Amino acid sequence: MELEALKEIDPAVRELGARIVVLAPELERYTRALHKKLGLPFDILTDLHLKIAEQFGLVFTFPDYLRDLYKSFGSTLDRFHDESEYRLPVPARYIVDASGEIRAADVNADYTIRPEPSETLRLLKELVRTERDP
Amino acid sequence: MSNLNDRLQQFKKNFESGAAPYNVTPERVAMMHRATAELKASGIEARALKIGDHAPDFALLNQDQIEVRSRDLLRQGPMLVSFFRGHW
(Lines give C-alpha, C1' and ligand atoms only; values in the text may rest on other atoms or scores of the structure.)
Protein backbone atom coordinates (compact mmCIF):
# COMPACT_ATOMS: atom_id res chain seq x y z
CA MET A 1 0.00 0.00 0.00
CA GLU A 2 2.79 2.39 0.89
CA LEU A 3 4.68 1.77 -2.35
CA GLU A 4 1.54 2.44 -4.39
CA ALA A 5 1.05 5.69 -2.48
CA LEU A 6 4.63 6.72 -3.20
CA LYS A 7 4.08 5.88 -6.85
CA GLU A 8 1.21 8.39 -6.89
CA ILE A 9 3.44 11.25 -5.72
CA ASP A 10 6.44 10.27 -7.88
CA PRO A 11 5.66 12.64 -10.80
CA ALA A 12 5.38 15.61 -8.41
CA VAL A 13 8.60 14.58 -6.66
CA ARG A 14 10.47 14.45 -9.98
CA GLU A 15 9.08 17.82 -10.98
CA LEU A 16 10.77 19.22 -7.88
CA GLY A 17 14.08 17.73 -9.04
CA ALA A 18 14.04 15.07 -6.33
CA ARG A 19 14.14 11.27 -6.41
CA ILE A 20 12.40 8.58 -4.41
CA VAL A 21 14.36 5.53 -3.37
CA VAL A 22 13.10 2.59 -1.30
CA LEU A 23 15.40 0.45 0.84
CA ALA A 24 14.27 -3.06 1.79
CA PRO A 25 16.16 -5.97 3.34
CA GLU A 26 14.85 -8.41 0.74
CA LEU A 27 16.98 -10.11 -1.87
CA GLU A 28 16.76 -8.84 -5.45
CA ARG A 29 14.69 -11.77 -6.67
CA TYR A 30 11.87 -10.61 -4.39
CA THR A 31 12.23 -6.87 -4.97
CA ARG A 32 12.32 -7.52 -8.71
CA ALA A 33 8.98 -9.32 -8.65
CA LEU A 34 7.40 -6.65 -6.48
CA HIS A 35 8.81 -3.83 -8.59
CA LYS A 36 7.38 -5.38 -11.74
CA LYS A 37 4.01 -6.20 -10.21
CA LEU A 38 3.46 -2.62 -9.01
CA GLY A 39 5.08 -0.98 -12.05
CA LEU A 40 7.13 1.31 -9.84
CA PRO A 41 8.81 4.40 -11.35
CA PHE A 42 11.56 4.36 -8.67
CA ASP A 43 14.12 1.79 -7.51
CA ILE A 44 13.82 -0.67 -4.66
CA LEU A 45 17.32 -1.22 -3.32
CA THR A 46 18.35 -4.34 -1.44
CA ASP A 47 19.78 -3.30 1.89
CA LEU A 48 21.39 -6.68 2.46
CA HIS A 49 21.58 -7.66 6.13
CA LEU A 50 20.15 -4.22 6.98
CA LYS A 51 23.56 -2.55 6.90
CA ILE A 52 22.20 0.89 5.97
CA ALA A 53 19.07 0.64 8.12
CA GLU A 54 21.43 -0.09 11.01
CA GLN A 55 23.34 3.13 10.35
CA PHE A 56 20.03 5.00 10.43
CA GLY A 57 19.26 3.32 13.79
CA LEU A 58 16.13 1.59 12.54
CA VAL A 59 16.79 -2.11 13.13
CA PHE A 60 15.07 -4.28 15.71
CA THR A 61 14.93 -8.03 16.32
CA PHE A 62 11.67 -9.93 16.46
CA PRO A 63 10.87 -11.43 19.85
CA ASP A 64 10.58 -15.25 19.70
CA TYR A 65 6.80 -15.32 20.02
CA LEU A 66 6.43 -13.01 17.03
CA ARG A 67 8.87 -14.99 14.92
CA ASP A 68 6.78 -18.13 15.41
CA LEU A 69 3.62 -16.21 14.60
CA TYR A 70 4.99 -14.86 11.31
CA LYS A 71 6.29 -18.28 10.38
CA SER A 72 2.77 -19.61 10.82
CA PHE A 73 1.58 -16.90 8.38
CA GLY A 74 4.14 -18.19 5.87
CA SER A 75 6.50 -15.23 6.23
CA THR A 76 9.87 -16.88 6.39
CA LEU A 77 12.15 -13.89 6.66
CA ASP A 78 15.30 -16.01 6.80
CA ARG A 79 14.63 -16.99 3.21
CA PHE A 80 13.59 -13.52 1.99
CA HIS A 81 16.55 -11.77 3.61
CA ASP A 82 19.27 -14.40 3.59
CA GLU A 83 19.72 -14.33 7.34
CA SER A 84 18.58 -16.54 10.16
CA GLU A 85 17.94 -13.73 12.60
CA TYR A 86 14.53 -12.14 12.35
CA ARG A 87 15.46 -8.48 12.11
CA LEU A 88 13.55 -5.70 10.40
CA PRO A 89 13.67 -1.94 9.98
CA VAL A 90 10.94 0.14 11.61
CA PRO A 91 9.08 2.00 8.87
CA ALA A 92 10.76 5.35 8.26
CA ARG A 93 10.90 8.06 5.64
CA TYR A 94 13.62 10.67 5.30
CA ILE A 95 14.19 13.70 3.10
CA VAL A 96 17.90 14.24 2.49
CA ASP A 97 19.13 17.45 0.86
CA ALA A 98 21.86 17.64 -1.79
CA SER A 99 24.53 18.15 0.91
CA GLY A 100 23.52 14.87 2.58
CA GLU A 101 21.81 16.48 5.56
CA ILE A 102 18.54 15.04 6.84
CA ARG A 103 15.85 17.70 6.51
CA ALA A 104 12.76 15.68 7.41
CA ALA A 105 12.43 12.43 9.37
CA ASP A 106 9.42 10.30 10.17
CA VAL A 107 10.00 7.13 12.17
CA ASN A 108 7.21 5.10 13.73
CA ALA A 109 7.59 1.88 15.70
CA ASP A 110 3.94 1.07 14.96
CA TYR A 111 4.10 -0.47 11.49
CA THR A 112 0.39 0.12 10.94
CA ILE A 113 1.01 3.88 10.75
CA ARG A 114 3.03 5.31 7.85
CA PRO A 115 4.01 8.85 7.01
CA GLU A 116 1.38 10.32 4.70
CA PRO A 117 2.89 10.84 1.21
CA SER A 118 1.03 14.14 0.76
CA GLU A 119 2.77 15.42 3.91
CA THR A 120 6.16 14.23 2.61
CA LEU A 121 5.48 16.06 -0.64
CA ARG A 122 4.57 19.24 1.24
CA LEU A 123 7.85 19.10 3.20
CA LEU A 124 9.82 18.49 0.03
CA LYS A 125 8.20 21.50 -1.66
CA GLU A 126 9.08 23.63 1.33
CA LEU A 127 12.70 22.44 1.22
CA VAL A 128 13.06 23.13 -2.49
CA ARG A 129 11.54 26.59 -2.06
CA THR A 130 13.90 27.43 0.82
CA GLU A 131 16.92 26.28 -1.21
CA ARG A 132 15.88 28.43 -4.15
CA ASP A 133 15.21 31.61 -2.16
CA PRO A 134 17.28 31.37 1.00
CA MET B 1 -7.29 9.21 -3.76
CA SER B 2 -8.02 8.28 -0.16
CA ASN B 3 -5.21 8.86 2.26
CA LEU B 4 -2.71 6.11 2.96
CA ASN B 5 -3.38 5.83 6.68
CA ASP B 6 -7.14 5.55 6.13
CA ARG B 7 -6.44 2.61 3.84
CA LEU B 8 -4.02 1.08 6.34
CA GLN B 9 -6.48 1.40 9.20
CA GLN B 10 -9.22 -0.18 7.08
CA PHE B 11 -6.92 -3.12 6.34
CA LYS B 12 -5.98 -3.41 10.02
CA LYS B 13 -9.65 -3.47 11.01
CA ASN B 14 -10.44 -6.25 8.55
CA PHE B 15 -7.35 -8.21 9.51
CA GLU B 16 -7.98 -8.02 13.24
CA SER B 17 -11.64 -8.91 12.88
CA GLY B 18 -10.55 -12.49 12.25
CA ALA B 19 -12.27 -12.62 8.87
CA ALA B 20 -11.01 -14.59 5.88
CA PRO B 21 -8.52 -14.82 4.28
CA TYR B 22 -6.35 -14.20 7.34
CA ASN B 23 -8.58 -15.83 9.99
CA VAL B 24 -6.40 -14.45 12.72
CA THR B 25 -7.29 -15.32 16.32
CA PRO B 26 -7.73 -12.72 19.09
CA GLU B 27 -4.69 -14.23 20.90
CA ARG B 28 -2.53 -13.56 17.88
CA VAL B 29 -3.84 -10.03 17.50
CA ALA B 30 -2.97 -9.44 21.17
CA MET B 31 0.54 -10.79 20.52
CA MET B 32 1.06 -8.39 17.65
CA HIS B 33 -0.17 -5.46 19.74
CA ARG B 34 2.18 -6.49 22.54
CA ALA B 35 5.14 -6.60 20.15
CA THR B 36 4.39 -3.10 18.84
CA ALA B 37 4.03 -1.72 22.37
CA GLU B 38 7.36 -3.28 23.39
CA LEU B 39 9.08 -1.88 20.33
CA LYS B 40 7.73 1.62 21.04
CA ALA B 41 8.86 1.32 24.66
CA SER B 42 12.37 0.32 23.53
CA GLY B 43 13.01 3.93 22.50
CA ILE B 44 13.99 3.06 18.93
CA GLU B 45 12.17 6.10 17.53
CA ALA B 46 14.31 8.46 19.61
CA ARG B 47 17.55 6.64 18.73
CA ALA B 48 17.03 6.76 14.95
CA LEU B 49 18.73 9.46 12.89
CA LYS B 50 16.83 12.73 12.88
CA ILE B 51 16.68 16.18 11.31
CA GLY B 52 20.10 17.80 11.17
CA ASP B 53 22.01 14.49 11.15
CA HIS B 54 24.11 13.50 8.17
CA ALA B 55 22.57 10.66 6.17
CA PRO B 56 24.93 7.70 5.68
CA ASP B 57 26.13 7.18 2.10
CA PHE B 58 25.12 3.95 0.42
CA ALA B 59 25.80 1.93 -2.70
CA LEU B 60 23.22 -0.83 -3.11
CA LEU B 61 21.84 -3.06 -5.85
CA ASN B 62 18.44 -2.26 -7.28
CA GLN B 63 15.81 -4.74 -8.50
CA ASP B 64 17.76 -5.17 -11.76
CA GLN B 65 21.02 -5.80 -9.92
CA ILE B 66 22.41 -2.42 -10.93
CA GLU B 67 24.35 -0.51 -8.29
CA VAL B 68 22.76 2.76 -7.17
CA ARG B 69 24.81 5.26 -5.17
CA SER B 70 23.27 7.84 -2.87
CA ARG B 71 25.90 10.38 -3.94
CA ASP B 72 24.85 10.09 -7.58
CA LEU B 73 21.20 10.62 -6.61
CA LEU B 74 22.05 13.64 -4.45
CA ARG B 75 23.98 15.26 -7.25
CA GLN B 76 20.62 15.67 -9.00
CA GLY B 77 18.76 17.08 -6.02
CA PRO B 78 17.07 16.04 -2.77
CA MET B 79 16.41 12.36 -2.08
CA LEU B 80 13.41 10.83 -0.44
CA VAL B 81 14.42 7.61 1.33
CA SER B 82 11.74 5.20 2.49
CA PHE B 83 12.57 2.09 4.54
CA PHE B 84 10.29 -0.79 3.65
CA ARG B 85 9.92 -4.08 5.52
CA GLY B 86 9.11 -6.31 2.61
CA HIS B 87 6.58 -7.70 0.21
CA TRP B 88 5.00 -10.25 2.57
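1. Start with strand 5 of chain A: five of its five residues are buried, so the strand is largely enclosed by the rest of the structure. Here a residue is buried if 20 or more other C-beta atoms lie within 10 Å of its own, exposed if 12 or fewer, and partly exposed in between, with C-beta atoms placed from the backbone. Helices (H or I, at least four residues) and strands (E, at least two) are DSSP runs, numbered from the N terminus. A:Ala92, A:Tyr94 and A:Val96 point one way from strand 5 of chain A, while A:Arg93 and A:Ile95 point the other way. In a regular strand the side chains alternate between the two faces of the sheet.

2. Before going further, the ground rules. This is a predicted model, where local features need pLDDT of at least 70 and side-chain atom pairs count only at pLDDT 80 or more, while totals for chains, interfaces and linings use all residues. Residues are numbered from 1 along each chain as its sequence is written, and chains are lettered from A and ligands numbered from 1 in the order in which they are written.

3. Now the partners of strand 5 of chain A; two strands pair if DSSP finds at least two bridges between them. Within the chain, five bridges join strand 5 to strand 6 (residues 102–107) of chain A in an antiparallel arrangement, with A:Val96 opposite A:Ile102. These two strands make a hairpin with five residues between them, and A:Gly100 in the turn has a positive phi of about 95°.

4. Strand 3 of chain B has another partner in chain A. Strand 1 (residues 19–24) of chain A pairs with strand 3 of chain B in the parallel sense, over five bridges, and A:Arg19 sits opposite B:Met79. Strand 1 of chain A is also joined to strand 2 of chain A by four bridges, running parallel, with A:Val22 opposite A:Ile44. In strand 2 of chain A, A:Asp43 and A:Leu45 point one way and A:Ile44 and A:Thr46 the other, and all are buried.

5. What does A:Val22 touch, leaving aside its neighbours within four places in sequence? Its contacts (C-beta atoms, placed from the backbone, within 7 Å) are A:Leu3, A:Phe42, A:Ile44, A:Leu45, B:Ser82 and B:Phe84. A:Val22 is also among the residues that touch the most other members of the largest nonpolar core, which has 37 residues; others in that group include A:Tyr94 and B:Leu80. Such a core is a set of buried Ala, Val, Leu, Ile, Met, Phe, Trp, Tyr and Cys residues joined through C-beta atoms within 7 Å. The elements giving two or more residues to this core include strand 1, strand 5 and strand 6 of chain A, together with strand 3 of chain B.

6. On the interface as a whole, 49 residues of chain B are in contact with 73 residues of chain A. Helix 2 of chain B gives the largest share of chain B's side, seven residues. That side divides into 25 nonpolar, 14 polar and 10 charged residues; Ala, Val, Leu, Ile, Met, Phe, Trp, Tyr, Cys and Pro count as nonpolar, Asp, Glu, Lys and Arg as charged, and the others, Gly among them, as polar.

7. Helix 6 (residues 117–132) of chain A checks out on geometry. At 1.5 Å a residue its 16 residues should span 22 Å, and its end C-alpha atoms are 23 Å apart, which agrees; the expected span is 1.5 Å times one less than the number of residues. The buried residues of helix 6 of chain A are A:Pro117, A:Thr120 and A:Leu124. They cover an arc of only 55° around the axis, which puts them on the same side of the helix; the arc is that of the directions from the helix axis to the C-beta atoms. On the other side of helix 6 of chain A, A:Arg122, A:Arg129 and A:Thr130 are exposed. The buried residues pack against helix 1 and strand 5 of chain A, together with helix 1 and strand 3 of chain B.

8. Last, chain A overall: six helices and six strands, with 35% of its 134 residues buried. Its C-alpha trace spans about 55 × 30 × 25 Å along the principal axes.

Terms used:
Contact = placed C-beta atoms within 7 Å.
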